Amino acid sequence: MKITFYGHSSLGIEVSGNHILVDPYISANPNASHIDINTLKADFILLTHAHGDHILDVEAIAKRTNAVIISNYEIATYYAQKGFQSHPMNHGGSWDFDFGKLKYVNAIHSSSFPDGSYGGNPGGFVIEGEHKNIYIAGDTALTMDMKLIPMRTKLDLAILPIGDNFTMDVDDAIIASDFVDCDKILGCHYDTFGYIEINHEEAIKKFFDKGKDLMLLEIGSFIEL
């Protein structure tokens, strides 16, 4: 499994020959100006919620790639009505896709489209791939529901927001990593805006002091599991 960071909460995941994009907000992010969305591959697009900083590039990418958009019922229906392929889910549900088993899990946040229309309930995803399992938390506060995840799935990586103000901060993310029983963390949702700028060295040290590995990738770089 190869995971590429495209800035903010945007990720590319390659698993079992499939290309997945998560929350593509790239073209308006000045930190990701070197990423050309027209070159990105996508068989599936996962959306955690409907905020503009998570869906900005969905239509442009899906129109070019014919990717299947996977999200909650309201978001999936929104795009289906526009003629895009979609697969609706809701909390607690799972489905076997070509890339593995996907479960839609709880997140504590809000969800509305940029025009103010209803975007359903926010969520996160657990992907059980052929060899590795990951948790994509989405935008969320720390929640006790995270403790349910390792009761079903042993994680190899947890992708957690750490920027504070709109989501968890670093300290809550450390607790979240305890809740999901995973010490390998990929940070996201930080530095894009003034509200969520963080001290990288301090964040990494806080995780290290708890025996955990926090990875803060350069935009466009990747890790392999």
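**Exercise 1.** How much space lies in the largest pocket? Then describe its lining.

*Solution.* This is a predicted model, in which local features need pLDDT of at least 70 and side-chain atom pairs count only at pLDDT 80 or more, while totals for chains, interfaces and linings use all residues. Residues are numbered from 1 along each chain as its sequence is written, and side-chain values use heavy atoms, with hydrogens and water left out.

Step 1. For the largest pocket it is about 220 Å³.

Step 2. List the lining. There are 14 residues, and Lys103, Val105, Asp145, Leu148 and Ile149 lie nearest the centre of the pocket. Strand E8 (100-106) and helix H4 (149-152) are the elements that give two or more residues, and E8 supplies the largest share, 4 residues.

Step 3. Sort by class (Ala, Val, Leu, Ile, Met, Phe, Trp, Tyr, Cys and Pro nonpolar; Asp, Glu, Lys and Arg charged; the others, Gly among them, polar). The lining has 7 nonpolar, 4 polar and 3 charged residues.

**Exercise 2.** Which residues lie nearest the centre of the second largest pocket?

*Solution.* The second largest pocket has a volume of about 170 Å³. Of its 13 lining residues, Phe5, Tyr190, Asp191, Leu217 and Ile219 lie nearest the centre. The lining divides into 5 nonpolar, 6 polar and 2 charged residues.

**Exercise 3.** How many cavities of 30 Å³ or more does the structure hold?

*Solution.* Step 1. A cavity is a set of points where a 1.4 Å probe fits but cannot get out. The structure holds 2 of 30 Å³ or more.

Step 1. The largest cavity has a volume of about 60 Å³. Its lining consists of Ser94, Lys101, Leu102, Lys103, Val126, Glu128, Arg152 and Thr153. E8 gives the most, with 3 residues, and the lining has 2 nonpolar, 2 polar and 4 charged residues.

Step 2. The second largest cavity holds about 30 Å³ of space. Around it are Ser9, Leu11, Val22, Asp23, Ile136, Gly138, Ile159 and Cys188, which divide into 5 nonpolar, 2 polar and 1 charged.

**Exercise 4.** At what angle do helix H5 and helix H6 pack?

*Solution.* Step 1. Helices are DSSP runs of H or I with at least four residues, and strands are runs of E with at least two, numbered from the N terminus. Axes are lines fitted to C-alpha atoms, for helices over the stretch in contact, and angles run from 0 to 180 degrees between N-to-C directions.

Step 1. H5 (residues 170-179) and H6 (residues 200-209) pack at about 30 degrees, with their axes 10 Å apart. H5 is therefore roughly parallel to H6, a term for angles under 35 degrees.

Step 2. Contact means heavy atoms within 4.5 Å. H5 contributes Val170, Asp171, Ala173, Ile174 and Ser177, and H6 contributes Ala203, Lys206 and Phe207. By class, this contact has 5 nonpolar, 1 polar and 2 charged residues.

Technical notes: Angles under 35 degrees count as roughly parallel, over 145 as roughly antiparallel, 65 to 115 as roughly perpendicular and the rest as oblique. On a 1 Å grid over the protein atoms alone, a cavity is a set of points where a 1.4 Å probe fits but cannot get out, and a pocket is an open set with protein on both sides within 12 Å along at least five of seven lines; lining residues have an atom within 4 Å of a point. Grid points are joined across faces, edges and corners, and a volume is the space filled by probe spheres set on the points.
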